[in-house]
Amino acid sequence: MGYIADREQFSDFIDKLKEDYEIWAPKKFKGGGRFSDTDAVRYAVIESPDEIELNEKSAYSWKEAVLPPSETLFYFAENHAGETEGPAKKKLVFLRSCDLAAVKRMDQIYMKNGDPDYYYERRRKDMAFALIGCSESCENGFCVSMQSNMADNYDFSVDLVDGHYRLDCKKEAWDELLKMAGAASADVVPQRVTENKVKVNIPEDLSYKVGMSSMWDQYDSRCINCGRCNLVCPTCTCFTMQDVFYDDNGKVGERRRVQASCMVDGYTDVAGGGSYRQKNGQRMRFKTLHKVLDFRERFGYQMCVGCGRCDDICPEYISFSNIINHLEDGMKEVRGND
Amino acid sequence: MTKNQYIPFASKIEKVIRHTQTEYTFRMHFDGAKEKVKPGQFFEISMPKYGEAPISVSGIGDDTIDFTIRRVGVVTNEVFEHYEGDSLLIRGPYGNGFQFSDYDGSELIVVAGGTGVSPVRGVIDHYAHHPEAVDGMTAIVGFKSPDDMLFRDDLKYWDAHIDLRMTVDSAKGQPGYREGFVTAVVPELTPKNLANTKAIVVGPPPMMRFTIAGLIELGIPEENIWLSQERKMCCGLGKCGHCKIGNTYVCIDGPVFPYLKSKTMVD
C-alpha cells in the first residue's frame with residue numbers, strides 16, 4: 001500500500017516501530033569528514049526521522065548493522081568459552097537499492113555457503129529493510145550496469161518529496177501503523193535510478209586468464225593496500241579472528257572476529273611464513289575477479305552491486321568501474337595464448 | 001536455530017609423540033573419531049590469547065585424533081607449552097578429506113614432503129594395513145634431513161608392507177639415506193597399468209608442481225591425480241574468505257582436490 005505522510009505522521013510511525021526495532025540509518029556527522037570542514041555520512045542508530053540522511057550517500061555501507069567491524073564471539077575463562085548474548089532488539093535498516101541488493105550477497109555467503117553462520121543469523125533473522133529511493137544517480141555509482149537499481153525486497157520504501165514522505169509499505173502490520181499515524185493513501189512507487197553517468201561492461205568471456213594481462217601492473221605502485229575499498233564495500237564479507245585478553249587477568253579474554261581485507265598484508269599468510277599474492281596488482285586482480293567473475297560462477301549472479309563506494313573512498317583515486325571497463329582490453333591481451 | 005560452530009570444545013591430550021626438535025604429534029581425545037573423521041580433514045586448534053590455527057589430522061584412532069604440529073607461529077608455539085593430561089580447545093573436523101573409494105583397487109602412489117606427510121599419513125597407513133585393497137602401493141616421502149624425519153615407527157611398518165622410498169635433502173653425513181628431492185624418485189616408478197594408477201601429492205607448492213609434472217610425464221592420466229592445498233582457514237566454514245581461490249573455498253570444497261580442478265585454480 002502507498003502512503004503520503006507529513007513529518008509528524010512519519011515520526012509517529014517511526015516511534016511505533018522503535019518499540020520493537022533499533023533503527024539503523026545513514027546519518028550526517030557535522031565536521032566528521034576525512035578532510036577539514038567536511039561532514040561524514042555513516043550508519044548509526046537513530047532516534048528521530050530528522051536524523052535520517054535521505055539525500056547523501058553514506059561512506060560506509062549498511063553491512064555494519066549485520067556484521068559489526070569488530071564482533072565478540074565468546075569470552076574465555078581458562079578453558080571455558082561462553083557465548084556472547086544476541087541482539088536485544090530487532091533491527092530496521094534504511095538503505096538504498098544497491099545496499100538492498102547487497103543483502104542478498106551477504107546472505108549468500110553467511111547463510112548458504114556451507115552451514116549458516118550462527119552469529120550472522122541471529123542478527124539477520126529479525127531484520128527489516130526500508131528502501132531509500134534514489135531521485136538521481138550518485139557520483140560514482142553504476143547500479144544500472146550491475147542490475148542492482150531495482151531491488152524490491154524491502155518492507156517499506158521512503159522518498160522525501162517536497163517535505164512529504166512518500167511510502168510504499170509491503171508489510172500489512174505496518175500498514176495499520178501508518179493508517180493509525182494518519183498517513184493518507186496514495187499511489188506510491190519508489191524513485192529509481194535508471195541511468196548512471198558511470199557504466200561498466202564486463203566481457204562475456206571474462207576468465208582467470210585476464211590475470212596474466214599487464215593491466216594489473218599499474219596497481220603494484222598505485223594501490224597502497226590500505227583496504228578501505230573492502231571495508232566500505234557492502235558485499236565484502238571477510239573477517240579474521242582476533243583474541244583479546246584483559247590486562248588485569250591474563251586468563252580471561254574474548255575472541256572477536258574483525259573485518260578483514262584481501263588487499264592488506266597478512267591476509268593469506270600460512271604457517272612458516274608463506275603467503276600468496278604479494279603484489280598489490282595481484283590483490284587487485286583477486287578482488288576484481290571476486291566481484292565480477294568467481295562469485296557469479298559459484299552462485300549465478302554478480303557480487304558487485306555498483307554502489308561506487310570503493311571509488312569514493314580510495315585515497316589514490318583508483319576507480320573500480322575503470323578497472324572493470326579495462327577487463328575487455330585485458331582479455332584482448334591474453335585471448336588465445338593458452 | 002543454527003549450531004554455533006565457532007565455540008571450541010576441550011579435548012584432552014592423551015599422548016605427545018616427539019618426532020623432531022620442532023615437530024610433535026599431539027594425540028587428542030575425540031569420541032567416535034573413527035566414524036567421524038577422515039584423513040585429509042582439518043581442525044582449528046584454538047589457543048585462547050593467541051588465536052586459531054588450522055591443523056590437519058595426521059592420525060585417527062577409535063576415539064583419538066592426531067595433530068602433528070610444527071612449531072612455527074604464535075599459536076603452535078603455545079600448543080607446545082601443553083603436555084599429556086592437559087586439554088586443548090579445538091573445533092572441527094572441517095573439509096572433505098580423502099575418500100578411500102577414490103583409490104581402492106588402483107595402483108596407488110603417494111608423494112609427500114615434510115609436514116605434508118601428516119594429511120596423507122592416514123591414507124598410507126590404511127593401505128599399508130590393507131594392501132589387498134589396492135593393486136600395489138608406493139609411498140615416496142621426503143624430509144630435509146634424517147633429523148627432520150616424522151613418523152619413524154610408521155616408516156618402519158610401511159617399509160615392510162608397501163614400496164616405501166624415502167629421500168632427504170641432505171643426509172648431513174649420515175649413511176643409509178638417499179639424498180635428493182622426492183621429484184627425483186618419480187621418474188624411476190614403473191606402474192604396471194598407467195590407466196589404473198592413481199596418485200596423491202602433498203607438500204610445499206613448488207614440490208607439488210614438479211612432482212605432478214613428473215607424474216604426468218610418466219604417463220599417469222591427469223584425472224588420476226589428487227592433492228591437498230594449504231591455506232589460512234580462519235573459520236573453516238566458508239565465511240571468512242581467507243582460503244578462497246577463484247570460485248573455490250579450500251575449507252569447504254577442499255582441502256583435497258582432484259588435480260584437474262586444482263590446476264584451474266589461480267590464487
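Author: Let's begin with residues 6-100 of chain B, a stretch that is 11% helix and 51% strand, with its end C-alpha atoms 29 Å apart. Helices (H or I, at least four residues) and strands (E, at least two) are DSSP runs here, numbered from the N terminus. An unreviewed UniProt entry lists this stretch as "domain: FAD-binding FR-type"; UniProt positions are given in the numbering used here, feature names are shortened, and annotations may be inferred rather than shown by experiment.

A word on what you are looking at: this is a predicted model, in which local features need pLDDT of at least 70 and side-chain atom pairs count only at pLDDT 80 or more, while totals for chains, interfaces and linings use all residues. Residues are numbered from 1 along each chain as its sequence is written, and chains are lettered from A and ligands numbered from 1 in the order in which they are written.

Now look along strand E6 (residues 87-94) of chain B, where you will find B:Pro93. The peptide bond joining B:Gly92 to B:Pro93 is cis, with omega about 0 degrees. Most peptide bonds are trans, and most residues other than glycine have a negative phi.

Another cis bond runs from B:Gly254 to B:Pro255, with omega near 5 degrees. B:Pro255 sits in the loop between helix H6 (250-253) and strand E14 (256-258) of chain B.

Next, please find B:Gly116, in the loop between strand E7 (107-113) and helix H3 (117-129) of chain B. B:Gly116 counts as buried because 24 C-beta neighbours lie inside 10 Å. The cut-offs are these: a residue is buried if 20 or more other C-beta atoms lie within 10 Å of its own, exposed if 12 or fewer, and partly exposed in between, with C-beta atoms placed from the backbone. Leaving aside residues up to four places away in sequence, B:Gly116 touches B:Val202 and B:Gly203; contact means that the C-beta atoms, placed from the backbone, lie within 7 Å. From B:Gly116 to B:Ser56 is 60 residues in sequence and 9.4 Å in space, C-alpha to C-alpha.

A:Asp162, in the loop between strand E8 (156-161) and strand E9 (164-169), has phi near 50 degrees, and A:Asp162 is exposed because it has 5 C-beta neighbours inside 10 Å. A:Tyr317 has phi near 55 degrees and lies in the loop between helix H8 (309-313) and helix H9 (320-334). With 8 other C-beta atoms within 10 Å, A:Tyr317 is exposed.

Technical notes:
Contact = placed C-beta atoms within 7 Å.
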